[in-house]
Amino acid sequence: MRYLWLFVFVLSSHSLLGQRDIPSISNYGIFDYGAASQNWDISIGEQGIVYAANNKGLLSFNGQEWSLYKLPNATIVRSVEAIDDRIFTGSYEEFGYWQRNAQGLLEYTSLTHLIKDHTFTNEEFWQIVAFGDSVVFRSFSTIYIYRNGEIQVLDLDIIVTNMEIVDGDLLVAGSNGAIYRVHNGQLLPHLTFKELENNTVVSLLRIPDGLLIGTKLNGCYLYDKGALKQWNEELNAKLKANQLNEIIAFKDGRTAFGTIKDGVYVFDPKEDSYEVLNREMGLQNNTVLGMVQHEDKLWLALDNGIDKMKTNAPITFYTDRSGLLGTVYDLDYGSGNLFLGSNTGVYYFTENTLRFLEGTQGHVWDLAAIEGDLLAGHNTGTYGIGPGKLKQISSIAGGYQLIKAPEKNKIYLQGTYTGVSRFEKSDDGTWQAIPIQGIASPVKHLCFETNNILWAVHPYKGLSRLVLDEGLRRVIEVLDFDGTALPSTYNIKMYEVKSQILFYIEGNWYRYNGIANRIERFEDFNEFTGYELIYNDGEHFMFIDNGETKRLLYTNLRDRQYVIEKESLQKRLVPDAEKVLLTSDSLMLLTLNDGFAKIDLKALAGLYGKKVAQRPQLVYFKDKNHRYPVTDSIFNLSFKASRNIVFQVAAPALNDPRFKYTLIEGDSKKTVVLDHGTIVSQNLPFGEYFVEIAAISSYGQTSPILKFGFEILPPWYLSNLSIVLYLLALMGTVFLVRAYNRRKLQRKQRIFEDKLNQEQVVQRAQLEKEKLAKEVRLKQQELTNVTLGIAKKNQVILELKDMMAVNKAKFESRKRYDHIIKKLDRSVADQEDWKRFEVNFKELHQDFFERLLKQFPKLTPKDLKLCAYLKMNLSSKEIAPLMGISVRGVEIHRYRLRKKLGLDKNEYLSTYLITF
């Protein structure tokens with residue numbers, strides 16, 4: 001969409017009141033609404049939604065976005081009429097109505113199936129009107145009346161060119177120039193005029209003067225009190241030449257005439273004048289096929305596009321569409337003409353035309369109407385100007401600002417590129433200009449503190465307080481305020497407001513404290529922080545936010561304050577160079593980058609006195625998978641689908657609204673102001689959210705709040721069922737873990753018990769072993785003791801025997817000697833000793849003899865004795881007494897035993913027997 005701003009001038013007078021202006025026109029083309037270029041009809045429905053009959057279907061516009069709805073047979077929609085909550089449309093051999101479903105989308109219902117005993121004859125339906133509780137559809141040959149679910153067909157013998165509701169009657173115009181009235185389902189003659197016989201009546205409208213009858217090629221006629229006459233000769237000539245197509249009445253008494261060749265003519269009966277809106281003035285196309293007014297807006301269905309304009313806007317515009325004018329830096333009246341100073345020179349309006357003042361090429365900074373003259377501060381000097389008149393007054397370059405010296409007659413000071421100049425008008429009407437001595441730096445703003453104390457602002461280096469001589473010709477004292485005394489030295493703005501010197505520095509307000517001789521914060525203007533003052537006369541104040549918003553704020557610092565947030569104005573402002581001209585108590589002119597704006601403060605006050613701005617409506621609410629019913633107040637969304645939430649609100653009745661959007665989650669609130677109504681939220685955590693949305697009009701009015709909420713359900717893994725399953729799983733896990741731990745504990749306990757048992761068994765075995773070992777040792781010791789005892793006894797006996805043998809001769813009786821010897825021999829060979837030994841030996845080595853005999857069966861008892869003694873690891877010397885033989889005998893016996901055992905010579909007999 002693009003905006004064009006227009007200002008049309010008629011015969012000029014000494015004030016702007018002699019001029020007519022036109023507000024902004026909004027153009028919607030095929031790329032804006034996404035359909036065909038041709039639009040046949042237009043209507044406004046509930047809440048201010050726009051509906052247009054387009055070649056591609058039905059267009060709907062809610063102020064935020066366009067939507068296209070095609071008919072089931074995809075034919076051209078020729079007519080549209082919004083009646084209550086239904087939107088009736090007519091097409092080729094088809095008519096019916098659309099209604100919004102729960103999701104806010106339009107759904108079509110055909111009515112042609114209700115027609116009985118009638119066949120279409122290539123009919124297209126060009127007009128629809130509401131008549132009482134009926135809806136009437138018109139083709140060129142037939143009228144269809146829909147009422148209470150039935151359709152009545154009026155077959156006519158005439159070509160029907162128009163029908164209108166006039167004074168409660170349904171009037172029908174025919175191609176024969178006659179006008180009929182529909183009554184009780186019958187077409188009755190109403191008015192017949194010879195003058196209209198060869199004319200096609202295209203529109204009928206009741207106006208205060210009578211019945212206005214519009215014809216296609218012969219302009220308009222007025223019927224009143226039985227007489228028919230041509231209406232308004234001057235405007236009629238235009239209508240005849242440009243082919244009238246439709247007439248509608250404005251609520252303020254004006255009348256709009258849509259034409260085929262030259263746009264719209266708007267007639268004001270109070271002024272008996274008209275203005276034209278055509279392609280030259282900003283329309284996309286001169287062929288107007290449909291018109292409708294809703295509140296303060298006029299909508300046009302064009303042969304190429306759809307246009308909208310405000311009919312009673314408090315802000316209107318002049319735009320130089322040629323581009324020659326450039327950026328306007330100042331404007332003022334001189335000689336009854338409005339002059340504009342721009343970056344390309346001086347322009348003025350005369351005889352309805354904007355003209356360039358020759359010789360003024362270059363940048364104009366200032367226009368000042370003083371002492372009956374109009375002076376222009378120019379890049380090359382200062383000039384006196386008038387219509388077609390130019391005279392250089394000063395050659396000092398760059399005239400920024402002219403201010404009057406207090407209590408000095410006809411003396412003015414001007415800030416220039418090179419300092420300050422003094423202007424004085426002599427009695428003969430000529431001006432003299434000289435530079436003030438003592439200051440040579442550029443000065444952009446000037447302000448008097450007293451009669452001879454002047455404040456001067458440098459564009460970049462701060463400001464100075466200058467004390468001038470009595471004649472204001474030279475500087476006698478200078479006090480500079482630089483970066484040490486100021487928060488910034490760049491682009492300082494200075495004003496005199498109610499006898500105080502104020503400074504606007506980096507968005508904050510300061511004042512000069514003469515007693516303390518310093519610059520300090522001005523608390524009284526805290527509410528205007530961030531707002532620069534662009535006009536001030538002590539009664540009227542206009543501020544502007546030169547930040548992102550470009551918001552205008554008008555106030556009288558008492559009981560009136562209006563905010564202007566009109567996009568069509570804000571985009572055209574001249575940052576840091578706005579100038580305002582007050583032409584009356586209620587009219588202001590504001591410079592723009594391609595013309596100027598006219599602000600009607602009285603009309604602006606009227607807007608603020610009206611009802612509050614329209615409450616926004618919810619157009620749709622959808623997530624990744626679903627579009628939800630807009631009638632719901634709470635929307636439940638799955639977590640997966642809620643990763644991308646989109647909803648749209650609209651206030652169709654408002655022009656360029658903004659929306660204050662607040663998202664509430666628990667105690668948390670987030671608020672933003674958006675210039676569109678489509679909100680996208682992504683990846684919100686699950687939980688409950690509430691939304692509050694208010695519309696803000698272009699004049700700062702805030703609407704009632706729209707409220708709704710939505711709940712993002714937890715993800716499946718955090719759902720109630722999942723939580724129950726998690727709890728069950730947790731309980732099961734706890735149970736399993738406990739069971740596992742219990743089994744593990746039992747297993748460990750068993751292992752421990754087994755280990756303990758094993759240790760006890762081992763310990764017992766060890767104890768047994770130790771006990772057995774002890775017993776073995778005891779047995780061994782006992783066996784050893786027995787054996788050694790036997791050996792010692794036998795040794796003693798043998799020694800005794802040897803002694804007796806030595807002393808044999810001393811025995812008295814041989815017999816006695818032999819008896820003793822025999823007795824000693826029996827003692828050595830005593831079997832009881834052997835038995836006792838054998839018992840003890842077998843206790844230690846139970847199966848030794850059995851195994852030995854089993855392996856070596858040829859062993860003799862004597863061999864077994866020797867084996868037993870050797871197993872006990874007894875030496876030959878110890879064995880000899882036990883066997884009652886000598887050591888030599890033992891060795892011989894050992895040798896023989898080795899033989900019997902089959903031992904190798906390298907094997908030890910004792911070792912073999914010990915390990916056997």
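User: Where is Val 497 found, and why is Val 497 counted as buried?
Analyst: In this predicted model, Val 497 belongs to strand 47, which covers residues 493–497. Its relative accessibility is 5%. The term buried applies under 20%, therefore Val 497 counts as buried.

User: What does Val 497 touch, not counting residues up to four places away in sequence?
Analyst: Val 497 touches Leu 502, Phe 525, Leu 533, Asn 536 and Phe 541. The criterion for contact is heavy atoms within 4.5 Å. As for Asp 167, 330 residues separate it from Val 497 in sequence, and the C-alpha to C-alpha separation in space is 58 Å.

User: What makes helix 10 mostly covered?
Analyst: Six of the eight residues of helix 10 are buried. They are Ser 876, Ile 879, Ala 880, Pro 881, Leu 882 and Met 883. After helix 10 comes Gly 884, with a positive phi near 75°.

User: Which residues have the most contacts inside the largest nonpolar core, and what makes a set of residues a nonpolar core?
Analyst: The set must consist of buried residues of the listed nonpolar types, joined through side-chain atoms within 4.5 Å. The largest such core has 28 residues, and those with the most contacts inside it are Phe 848, Leu 852, Tyr 869, Ile 879, Leu 897, Leu 901 and Leu 913. At least two residues of this core come from each of helix 7 (831–844), helix 8 (848–855), helix 9 (861–871), helix 10 (876–883), helix 11 (887–901) and helix 12 (909–915). Helix 9 gives the most, with six residues. A second, separate core has 24 residues, including Phe 635, Val 649, Phe 659 and Ile 693. In soluble globular proteins, nonpolar side chains tend to be buried together.

User: With which residues is Leu 852 in contact, leaving aside its neighbours within four places in sequence?
Analyst: Leu 852 is in contact with Leu 859, Leu 864, Cys 867, Leu 901, Leu 913 and Phe 916.

Note on methods
Residues numbered from 1 in each chain as written. Predicted model: local features only at pLDDT ≥ 70, side-chain atom pairs only at ≥ 80, totals over all residues. Heavy atoms only, no water. Buried < 20%, exposed > 50% of the residue type's maximum accessible area, 1.4 Å probe, protein only. Helix = DSSP H or I, 4+ residues; strand = E, 2+ residues; numbered from the N terminus.
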